[in-house]
There are 2 protein chains.
Amino acid sequence: MNAEQILAGDRGALARALTLIESLRPDHQAQARALLRQLPTRQTQRVGVTGPPGAGKSTLIESLGLLAIKNGRRVGVLAIDPSSQRTGGSILGDKTRMEELSRDERAFVRPTPAAGALGGVARRTREAILLLEGAGYDLILVETVGVGQSEVAVSHLVDTVLLVALPGAGDDLQGMKRGLMETADVIWVNKADGERLPAARQAANQLSLALRLLGSRTPDWRVPVLTGTALEPPVALWEALQSHFTPGVLEMRMQQGLYWLERGLEERLLARFFAEPGRSEVWQELRASVANARLSPEEALEQLF
Amino acid sequence: MNAEQILAGDRGALARALTLIESLRPDHQAQARALLRQLPTRQTQRVGVTGPPGAGKSTLIESLGLLAIKNGRRVGVLAIDPSSQRTGGSILGDKTRMEELSRDERAFVRPTPAAGALGGVARRTREAILLLEGAGYDLILVETVGVGQSEVAVSHLVDTVLLVALPGAGDDLQGMKRGLMETADVIWVNKADGERLPAARQAANQLSLALRLLGSRTPDWRVPVLTGTALEPPVALWEALQSHFTPGVLEMRMQQGLYWLERGLEERLLARFFAEPGRSEVWQELRASVANARLSPEEALEQLF
């Protein structure tokens with residue numbers, strides 16, 4: 001597989017290149033980077049999709065992707081999920097539900113997310129975004145699985161974070177963790193139809209109030225809270241995502257590059273440190289001593305160095 | 001100055017020991033650690049106080065400290081403020097307002113916060129907490145200045161985070177950033193008296209609603225939202241802080257120890273890496289290339305190693 005095949009639209013070559021990026025083998029990673037260097041850089045839009053399990057993220061991504069295609073875009077879909085194991089099958093098995101989008105030649109849906117530690121997953125997701133962009137996809141949708149810190153990681157990878165929420169019983173939102181609100185630029189209250197419409201509208205009103213109360217993440221942007229169902233083309237959502245995608249958002253990519261540069265340096269220094277024989281064992285002993293308060297972190301570090 | 005003086009209640013010796021801890025000189029830091037090892041470990045309670053500038057944190061800390069003393073406690077007060085410069089005077093100059101608490105021999109108020117990079121500040125604050133505890137203070141109040149990430153850092157240093165909020169015009173809270181809510185275990189809406197009482201009660205109700213909507217940080221704890229004024233002893237606040245201080249909270253200290261151990265390892269590896277001549281210059285060039293997108297973070301890291 002080579003850059004020419006990918007640029008010619010060979011989907012099998014693209015899939016194999018993504019597999020290279022997801023590989024943990026250094027030679028595969030070097031090959032993947034060499035490939036990335038041969039691909040052009042394009043004007044693209046990156047959207048992260050967060051929300052609790054069961055909120056309907058996949059179905060919404062399909063609707064949104066199909067709408068984007070109608071608007072002349074080419075759509076790449078990735079997932080970020082540090083908890084999944086490549087060998088053990090993906091908890092995103094329901095990605096096969098994106099049937100219509102997957103069949104469209106103007107879209108590329110990568111069902112299997114990268115696995116491993118979050119830092120590595122996020123970095124590989126970043127390279128997968130660049131690969132899809134190099135291959136000509138100009139709207140990249142990155143789904144998170146809502147486990148641990150993947151929402152924070154995705155916010156450093158995309159231009160806009162879309163939070164999919166679900167009205168619950170009473171005035172709660174189903175399965176919502178406090179951290180999810182933090183990173184949201186646009187909120188979509190899903191499954192707002194039929195009997196659930198009043199609950200969804202109430203949830204949206206209360207979310208708007210809470211956001212006003214809590215202040216905004218970006219000075220010039222008031223987070224819109226929309227309601228709807230993924231069964232119809234989410235036109236209002238599409239427009240909100242376009243409104244958020246301003247030159248200021250693109251400037252953020254520079255900061256994101258520096259963020260991953262710094263994380264990468266830390267990760268490499270740690271890997272090099274623990275590559276020395278015996279280091280990991282000493283570290284585990286010191287951790288245990290700190291955990292049961294026999295040593296302070298400072299004393300443990302002095303013993304380590 | 002030595003451990004005996006500190007244990008005997010010599011306040012001058014304690015102040016000099018804190019200065020050692022705040023020093024950036026390695027020999028001072030080694031002396032400080034040797035001193036810490038000679039002091040006993042005690043059962044203590046640590047409370048972080050966050051909130052926007054002008055919310056009245058200092059005045060509330062004084063009221064709370066005086067109430068704690070009436071309840072038989074000995075109170076240590078610290079501040080965490082990565083933005084201040086020791087030489088340039090402290091923006092916490094208003095700490096002199098804690099006059100009554102400062103004069104009480106059962107309290108020790110350290111007006112000048114540690115300066116420098118946040119990681120170092122937080123680690124030195126951690127050692128200052130241990131020093132005050134070793135000296136016999138069993139309630140430590142750590143004030144943050146509400147700049148940058150100091151609220152997140154303080155949440156890794158204390159058992160309970162108290163957020164001081166201020167009712168604004170309309171349904172906003174004055175100067176509240178979205179991140180402040182994230183770390184709060186107890187919320188106090190301040191200056192709730194006279195004309196401002198209705199606005200404060202409304203703000204408290206809306207905060208409670210928002211918290212219910214956003215989910216809680218700890219499974220078994222519902223964040224209480226209290227209203228009051230720092231001009232009277234904040235009895236309800238004192239009781240809420242005691243309710244939150246359970247054995248489960250103490251277990252959290254183990255996790256905090258591991259957190260600082262890991263941060264400390266990263267910081268030392270970075271310091272060692274940049275101690276090599278020429279490294280900083282290369283790093284700055286690579287950063288600039290990443291910032292203007294001439295290099296990807298991955299390519300920059302490959303050039304660095």
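Biologist: How many residues does the contact take from chain B and from chain A?

Modeller: Keep in mind that this is a predicted model. Contact here means heavy atoms within 4.5 Å. On that basis, the count from chain B is 54 residues, and from chain A it's 54 residues.

Biologist: And what area do chain B and chain A bury between them?

Modeller: Interface size is often quoted as the accessible area lost when the parts come together. Here, 64% of the buried area falls on carbon and sulfur atoms. The total for chain B and chain A is about 5,500 Å².

Biologist: What kind of axis relates the two copies?

Modeller: Chain B superposes on chain A with an RMSD of 0.0 Å. That takes a rotation of 180 degrees and 0.0 Å of shift along the axis. The copies are therefore related as by a two-fold rotation axis.

Biologist: Which residue of chain B comes closest to the rotation axis?

Modeller: Going by C-alpha positions, the distance to look for is 2.5 Å. The residue of chain B at that distance is A210(B).

Biologist: How many salt bridges does the rule find across the interface of chain B and chain A?

Modeller: The rule wants a Lys or Arg side-chain nitrogen within 4 Å of an Asp or Glu carboxyl oxygen. E302(A) and R33(B) pair up this way, with their closest N and O atoms 3.1 Å apart. Across the whole interface, the number of salt bridges is eight.

Biologist: Which helix of chain B gives the most to the side that touches chain A?

Modeller: Several helices supply at least two residues each, including helix 3 (26–38) and helix 9 (197–214). The top contribution is 15 residues, and it comes from helix 11.

Technical notes:
Residues numbered from 1 in each chain as written. Chains lettered and ligands numbered in written order. Predicted model: local features only at pLDDT ≥ 70, side-chain atom pairs only at ≥ 80, totals over all residues. Heavy atoms only, no water. Least-squares fit on C-alpha atoms with pLDDT ≥ 70 in both. Buried area = accessible area lost by both parts, 1.4 Å probe. Helix = DSSP H or I, 4+ residues; strand = E, 2+ residues; numbered from the N terminus.
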